[in-house]
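Hi,

Here is the structure I promised to pass on. Have a look at it first, and then read my notes below.

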Amino acid sequence: MTVEEDAEQNYLPKKKKSESDDDKRRKKIVPGSLMKALMRPGGGESTPSDGDQVIYHCTVRTLDGVVVQSTRSENGGKGIPIRNVLGKSKMILGLLEGIPTMLKGEVAMFKMKPEMHYAEEHCPVPVPSRFPKEDELHFEIELIDFSKAKVVCNDLGVLKKVIDEGQGWESPRELYEVKAWISAKTGNGKLILSHTEGEPYFFTFGKSDVPKGLEMGIGTMARKEKAIIYVTNQYLTPSPLLPVIEGYEEVHFEVELVHFIQVRDMLGDGRLIKRRLQDGKGEFPMDCPLHESLLQVHYKGMLLNKEKTVFYDTRVDNHGESLEFSSGEGTVPEGFEMCVRLMLPGEIALVTCPPDYAYDKFSRPPNVPVGADVQWEIELLGFEMPKDWTGLNFQSIMDEAEKIRVTGNRLFKEGKLELAKAKYEKVLREFNHVNPQTDEEGKVFLDTRNLLHLNVAACFLKMGECRKSVEACNKVLDATPVHVKALYRRGMAYMEAGDFEEARSDFQMMIKVDKSSEPDATSALAKLKKREQVNQHYFLCHSTHSRNGNIITYLYQFTSRK
């Protein structure tokens, strides 16, 4: 960027930040309506800002010193400080404006006109009973602490304050096995739980082993993170960790997330479960073989019987050699591949798999019974990403495309239609970045792309998705309007969908554009005629009439005229 361009960019008008409701309220403040007197100075130099959680004691007095309301126990309160999040919590206008001027530990007296507290028009905070809202009052505030807060739920019932940052970005989720040091205090600082010695507390995420609000907070934490999780009573549910919750308005949990084991329900129904036994290297899921790759694994397969009978072990039955396979080609059971794709290099996982994702739809080892659930202990040794086409010449690109297409054809013949379609579509996506340089290259490229679209159309047709098959054929006919094979396949898709006139038009067009296709077109037209006759013969029409108060239903069967 040139100096002139840089200067011009600096003077471009910036998008105006939308005005918040609190900003609109602040505009109502008039001089003299809010006065501050410093009673005890605070420490440091920073003051609270939007997004900070502020913790403070508040005592409200009349101008002659009578206590109206207080959080302090010595003034008749419960001894529990108030917690608000600036910019999120509903606060009276005087505190919304006044607290951001305070330092940590500071005590200040705010003298407020009625419109600065509960007499404000449309005040968002409910007026306490018997509160003198029409009076000018003193609000004594002690700012105990403030810090950035993670809002875990929108109603502010669960907040998190990070003490020490964690490692990585993965957080526990349902079924994960978690180990954590946990202690808990009430809002007034009374210790009610301390699990900080011996072994860390172990629980399964999502099984109600800890209070709901605590689990929500832990679900935002990374490994080794240390945090305080503030939970109000609506999120305090009974649990083995804290069986008794009555009487607590809020609880502050101090948590150090020691470790968690990834456990994933791959299908969402509890049948295919992947449990990580040993961590791998890298960040999940960025460093997993999510895309089609060449993978190297060791694995041991076991039946889910009492003996956990081993039916195959690469280290024993494969002379110690690992298994090498390409993902997306259907060369291993579907459940096996699904789980390996979510592993990190060096990770060891235990996979429990139902028969329909194991060997009931795959070549079954001789000692695995039909309908058997199995377990695999899998170690991902490493993987290689597919070849990057960037920098390849045209012929090399077409060679790579043909290899993938041939694999797709094999999968199609094996009935693995989704996998086959994925192969064809992968090449078509790559083709978006290919630019032929000569007429000859352009012709080869167009022919190959048309062939791939027709392969996709064939997959959709076999899968019963006739409309999508038609759409795939249209992509060919848009580029090559007289493509006989595209007309034939689209006609078959129309016929399967019951659009007989469109099908007839495509089959007849085949003969017009290429006489050599007449036998195929004639055969297709004959098949179409039979399909129409069958539809007419078995067309049932229900007609309902009323006679003398009785309902009579007639069933008609129509046959085609000779």
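**What I found**

Of the 562 residues of the protein, 43% count as buried, where buried means under 20% relative accessible area, exposed over 50%, and partly exposed in between (1.4 Å probe, protein chains only). Before you go on: this is a predicted model, in which local features need pLDDT of at least 70, side-chain atom pairs count only at pLDDT 80 or more, and totals for chains, interfaces and linings use all residues. Residues are numbered from 1 along each chain as its sequence is written, and side-chain values use heavy atoms, with hydrogens and water left out.

**Overall**

You'll find 13 helices and 22 strands in the protein; these are DSSP runs numbered from the N terminus, with helices being H or I of at least four residues and strands E of at least two. The radius of gyration is 36 Å, while a compact globule of 562 residues would come out near 24 Å. That radius is taken over C-alpha atoms, and the globule rule is 2.2 Å times the number of residues to the power 0.38. Along the principal axes, the C-alpha atoms fill a box of roughly 105 × 85 × 70 Å. Among contacts with a separation of 6 or more, 67% join residues 24 or more positions apart (contact means heavy atoms within 4.5 Å).

**Helix α9**

Take a look at α9, residues 439–462: its 24 residues reach 35 Å from first C-alpha to last, close to the 34 Å expected at 1.5 Å a residue (the expected span is 1.5 Å times one less than the number of residues). Its buried residues include Phe445, Leu452, Val456 and Phe460. The buried residues of α9 pack against α7 (394–413), α8 (417–431), α10 (466–479) and α11 (484–497). Just after α9, glycine 464 has a positive phi of about 80 degrees.

Most residues other than glycine have a negative phi, and most peptide bonds are trans. Here are some spots to check against that.

- The peptide bond from phenylalanine 284 to proline 285 is cis, with omega near 0 degrees; proline 285 sits in the loop between β15 (273–278) and β16 (294–303).
- Leucine 175 is not a glycine, yet its phi is positive, about 85 degrees. Leucine 175 lies in the loop between β8 (158–164) and β9 (177–186) and is buried, at 18% relative accessible area.
- Lysine 308, also not a glycine, has a positive phi of about 50 degrees. You'll find lysine 308 in the loop between β16 and β17 (310–313), partly exposed at 36% relative accessibility.

Cheers
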